[in-house]
Amino acid sequence: MRSNVSEYEFIAPGSLDAVLALLSAEPGAWTPMAGGTELMVALGAGRLEQRKLVSLWGIGELRGITASADWLTIGAGATYTDIRENAAIAKEFPLLARSASWTGAIANQNRGTLGGNIVNASPAADSPPVLLVYEAEIELVSAQGTRRMNYSEFHLGYKRTVLRPQELVMAVHLPRGHRLPVEYLRKVGMRNAMAISKVALAGVGAMQSGKVQTVRIAAASLRETPARLSVTEGVLLGHALTSDRIQAARKALLQEVKPIDDLRSTANYRAHVAANLLEEFLNQMAASES
Amino acid sequence: MSAAKIQLSEIRFKVNGVERSATVPPMKRLLDVLREDFELTGVKEGCGEGECGSCSVLLDGVLVNSCLVPALQASGCEVLTVEGLATNGELAHIQRTFLELGGTQCGICTPGMMLAAESLLRKNPHPDLDAIREGLAGNLCRCTGYMRIIDAVKNAIQEPILAADLAPEETVHK
């Protein structure tokens with residue numbers, strides 16, 4: 001049953017300050033909407049509960065992608081297309097460009113934004129695992145000012161985040177100059193385009209003298225939030241990637257993930273495939289020094 | 001639940017080169033404004049959730065699913081629908097190749113397919129097969145099996161190829 005659009009207020013104040021003033025004046029009353037690729041689907045399906053929406057689309061302060069000496073800063077309003085077409089991201093953070101390229105299809109990528117992907121807080125979202133392995137920071141803004149934290153602290157639980165009702169995500173900051181020699185990203189879904197992940201795994205790492213010197217692993221659709229797999233990382237750090245060690249890492253992964261059965265897949269399938277993806281990543285790590 | 005009636009917004013667009021305006025609820029889908037207010041029924045609704053591409057239009061030259069764009073966000077924009085592809089009664093290049101190569105059967109996906117192809121070719125005038133497949137990946141067709149659509153886009157890269165120039169098995173079934 002479709003929604004009755006006459007029941008929805010929707011305004012476009014046009015500037016970041018004006019949106020923040022509105023959110024601050026009536027905290028929680030207004031729901032921000034950028035490209036609409038999530039909320040308009042809910043509207044079409046008759047399940048958009050929020051009745052007052054405020055447009056973020058076209059607000060220039062949110063959309064830029066800029067580089068300083070230490071950080072690449074992606075405005076929350078940057079679209080997947082903006083991310084795919086940015087030369088610095090392609091060169092320094094290629095996993096992010098790749099995850100953007102397989103989010104929806106072109107028309108969705110032209111409207112969907114990085115901020116929306118993060119705030120929607122789906123455990124299956126494509127960009128968060130990549131942001132986690134790149135150790136991104138996230139900047140939140142309200143009329144009272146900005147605050148910045150590790151992105152790994154942003155998600156609190158299923159669809160719950162630290163974002164306050166009067167805040168917006170302003171930008172994501174990626175640390176430059178720390179690129180590791182092995183980068184891995186694989187998404188398993190029904191088809192290449194338009195599919196939401198059954199499971200996805202991102203990994204970056206480096207070997208030194210036959211041992212794991214650095215490793216960061218994050219997953220989608222394996223826990224209630226996008227998550228770093230720090231127990232698994234701990235099993236690997238400082239060790240040679242023998243077959244016993246890889247088996248131990250698989251076991252650690254299976255213990256720290258909490259996959260569920262849903263319409264896209266089963267917990268059992270997700271767990272098994274996630275362990276296989278981990279092994280594929282570790283085989284790339286092992287081969288990287290030879 | 002009957003909410004108080006919300007304020008209507010006057011939305012001005014340029015649609016297929018012509019200035020138009022509509023006074024509509026600001027959350028009305030661009031798809032519905034185009035079909036109901038402007039009677040541009042070449043814009044189709046398939047899934048209504050951004051998965052099938054039947055409602056594709058170009059918004060300021062950018063391919064979008066018009067079912068996911070609220071009218072207010074299209075305010076001040078230029079919209080191109082399939083009705084705007086032809087000029088002075090002459091089919092656009094991409095329309096001719098779809099016609100000549102049988103890229104159309106039931107026709108529901110066709111306007112969206114053509115706009116996705118138009119968008120692709122504007123950005124990348126010489127796409128390879130992978131780029132064509134990616135450019136059309138958000139548009140579903142349940143009739144053709146896609147091969148004839150892909151052929152139509154491939155052939156739109158060069159000057160139009162007329163049916164008479166094609167091998168017999170590639171001609172359109174009239």
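The side chains of E134(B) and R84(A) meet in a salt bridge, with N to O at 2.8 Å. A salt bridge here is a side-chain nitrogen of Lys or Arg within 4 Å of a carboxyl oxygen of Asp or Glu. This is a predicted model: local features need pLDDT of at least 70, side-chain atom pairs count only at pLDDT 80 or more, and totals for chains, interfaces and linings use all residues. Residues are numbered from 1 along each chain as its sequence is written, chains are lettered from A and ligands numbered from 1 in the order in which they are written, and side-chain values use heavy atoms, with hydrogens and water left out.

**Interface of chain A and chain B**

- Contact (heavy atoms within 4.5 Å) joins 36 residues of chain A to 32 residues of chain B.
- The two chains bury about 2,700 Å² between them, 61% of it on carbon and sulfur atoms. Buried area is the accessible area (1.4 Å probe) that two parts lose on being put together, summed over both.
- The rule finds two salt bridges across this interface.
- It also finds seven residue pairs in polar contact, both residues at pLDDT 80 or more. A polar contact is a pair of N or O atoms within 3.5 Å; within protein, one must be able to donate a hydrogen and the other to accept it, and residues adjacent in sequence count only if both atoms are side-chain atoms.
- On the side of chain A that touches chain B, two or more residues each come from strand 1 (9-11), helix 2 (39-44), strand 3 (52-55), helix 3 (80-85) and helix 6 of chain A. Helices (H or I, at least four residues) and strands (E, at least two) are DSSP runs, numbered from the N terminus.
- Helix 2 of chain A gives the largest share of that side, four residues.
- That side divides into 18 nonpolar, 10 polar and eight charged residues.

**Salt bridges overall**

- Over all chains, the structure holds 25 salt bridges.
- One of them pairs D126(A) with K187(A), the closest N and O atoms being 3.1 Å apart.
- This pair links distant parts of the chain, 61 residues apart: D126(A) sits in the loop between helix 7 (114-119) and helix 8 (127-133), K187(A) in strand 11 (residues 182-188).

**Cavities**

- There are two cavities of 30 Å³ or more. On a 1 Å grid over the protein atoms alone, a cavity is a set of points where a 1.4 Å probe fits but cannot get out; lining residues have an atom within 4 Å of a point.
- The largest cavity has about 50 Å³ of space. Its lining has 12 residues, and the closest to its centre are A105(A), I106(A), A107(A), G138(B) and N139(B).
- Helix 6 (106-109) of chain A and strand 4 (62-65) of chain B each supply at least two residues of that lining.
- The second largest cavity has about 30 Å³ of space. Its lining includes T37(A), R111(A), V64(B) and L68(B).

Notes
On a 1 Å grid over the protein atoms alone, a cavity is a set of points where a 1.4 Å probe fits but cannot get out, and a pocket is an open set with protein on both sides within 12 Å along at least five of seven lines; lining residues have an atom within 4 Å of a point. Grid points are joined across faces, edges and corners, and a volume is the space filled by probe spheres set on the points. Ala, Val, Leu, Ile, Met, Phe, Trp, Tyr, Cys and Pro count as nonpolar, Asp, Glu, Lys and Arg as charged, and the others, Gly among them, as polar.
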